[in-house]
Amino acid sequence: MTNTSQKDERYIGRDLKAFPLEIAGSDGSYLIDKNGQRYIDFEMGWCVGNIGWSQNEVTEAIKNFTGPTYVVPGMPGYMYEPWVELAELLAQITPGKLTKSFRATGGTEAVETALQAAMSHTKRHKFISIEGSYHGHSLGAMSVGGSHFREWYPNLLEGCFKIAAPLNDAAAEKVEKLLETKEIAAFIAEPIICNLGVEIPTKEFFQRVAKACKANGTLFIVDEVATGFGRTGKLFAAEHYDLEPDIITLGKALTGGYAALGAAVMTEEVAKSMAFGFSHYSTFGWQPLNAVITLANLRALLKRKDELLTNVAEMSEYFKQRLEAMPFKQKAKVKIKGLAIAVHFEEEGYAEQIVNTAFENKLLLQQLSPTALTIFPNLVIDKSTAKEGLDLLEESI
Ligand SMILES: Cc1ncc(COP(=O)(O)O)c(C=O)c1O
């Protein structure tokens with residue numbers, strides 16, 4: 001046992017014991033351990049490092065930062081130019097008529113703000129979400145996450161209805177019935193559900209739900225914390241369905257991992273309902289250095305948007321073809337949209353076995369559930385690195 005692993009066990013609060021890997025550096029598609037050993041990263045922090053780790057444009061912005069240590073965000077707070085630049089950019093690139101950004105330190109806080117805005121706007125307090133989904137670990141976010149959270153926290157928000165996959169016409173009908181009660185503040189979902197192992201709803205499902213939300217005064221929230229910024233082959237996964245949400249929640253690849261920052265971007269109309277005393281406050285939401293780094297990351301990503309989305313389409317085909325042809329020891333179902341990828345097995349245990357063997361082979365994957373693993377390569381990955389990783393995966397099955 002190394003010194004760090006002993007101290008990790010003693011001092012770091014965790015759900016499970018850490019993997020025996022001490023990260024010391026990162027570079028593009030690779031994580032590097034303390035001894036200089038390189039691992040191909042097919043997780044990228046779970047949809048965080050979309051343009052690869054340790055990009056020059058972003059590391060330069062960190063080195064060159066000369067801004068203030070801190071700017072007070074509220075009550076009523078001061079102004080800061082990078083805040084408006086970032087918010088303006090988000091208004092320009094997000095789908096539909098989203099213009100106002102509420103600052104957050106990450107995805108969970110963005111989801112919390114979205115739920116609160118929906119309650120303030122509609123004066124209702126019930127929600128509809130997808131069974132088994134994940135929107136963060138706060139009490140509000142867990143309330144709209146999978147029902148399993150209630151085993152540990154039985155008194156989460158009441159009136160949170162869960163719709164089970166597959167998300168098709170039959171599921172849309174269930175949502176429509178619930179919406180007709182006119183008691184629902186918001187429907188919230190990831191457009192492509194990474195947290196359910198890349199569950200892909202039908203176009204009809206989302207179009208019916210969006211229409212019924214509008215008809216019944218319910219807000220439509222898309223959580224793009226994981227899917228945002230190119231992961232599924234469009235800049236935002238909502239674009240696959242022509243959705244115009246009332247609120248979008250962002251985090252993860254928005255910063256690329258260099259900063260701790262999230263955003264709930266909403267329409268002017270919904271934002272108005274949050275214009276009351278102390279409706280929103282986050283001491284470190286868009287802290288100056290974090291905001292400047294995020295801007296640098298986002299600009300670097302947008303500069304290569306077309307090339308990146310083309311690469312996602314090409315690499316998606318390659319991963320699909322390789323994974324579908326892989327001689328897994330169990331029947332495998334590959335679910336893939338862009339470079340959001342999951343492999344599902346029939347029996348428990350095999351996914352974990354593959355992840356552990358891949359780790360020994362210097363390939364990093366993540367187990368999603370007892371029967372599934374996820375693969376989230378970076379979106380600028382070249383064919384030779386993709387091949388190297390997939391070859392290692394094939395050796396690990
Ligand atoms: C879809 C989705 N929403 C929200 C979150 C929470 O984001 P964070 O961990 O930044 O608080 C996550 C995190 O994995 C997520 O995947």
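Predicted model: local features only at pLDDT ≥ 70, side-chain atom pairs only at ≥ 80, totals over all residues.
Me: Which ligand atom is 2.7 Å from the side chain of Asp223?
Reply: A nitrogen atom of the ligand sits at that distance from an N or O atom in the Asp223 side chain. The Asn195 side chain has an N or O atom 3.0 Å from a ligand oxygen.

Me: And how much of the ligand's accessible area does the protein cover?
Reply: The protein covers 81% of the 390 Å² that the ligand has on its own, using the Shrake-Rupley method with a 1.4 Å probe; for residues, only the protein chains shown count as cover.

Me: New topic: which residues touch the most other members of the largest nonpolar core?
Reply: Leu90, Phe187, Phe319 and Leu323 do, out of 93 residues. Such a core is a set of buried Ala, Val, Leu, Ile, Met, Phe, Trp, Tyr and Cys residues joined through side-chain atoms within 4.5 Å. Buried means under 20% relative accessible area, exposed over 50%, and partly exposed in between (1.4 Å probe, protein chains only).

Me: Which helix gives the largest share of this core?
Reply: Helix α12 (residues 305-325), with seven residues. Helices (H or I, at least four residues) and strands (E, at least two) are DSSP runs, numbered from the N terminus.

Me: Why does the core lie between the two domains?
Reply: Because domain 1 (20-51 + 320-395) and domain 2 (63-303) both give residues to this core. The domain bounds come from an automatic or database assignment.

Me: What about Met44 and Lys182, buried or partly exposed?
Reply: Met44 is buried at 0% relative accessible area, and Lys182 is partly exposed at 44%. Met44, in helix α2 (residues 44-47), has a positive phi near 50 degrees without being a glycine. Lys182, in the loop between α8 and β7, has a positive phi of about 55 degrees and is not a glycine either.

Me: Last one: where is the cis bond to Pro76?
Reply: It runs from Met75 to Pro76, with omega near -10 degrees, and Pro76 lies in the loop between α3 (56-63) and α4 (81-93).

Note on methods
Residues numbered from 1 in each chain as written. Heavy atoms only, no water. Polar contact = N/O pair within 3.5 Å; in protein donor to acceptor, adjacent residues only side chain to side chain.
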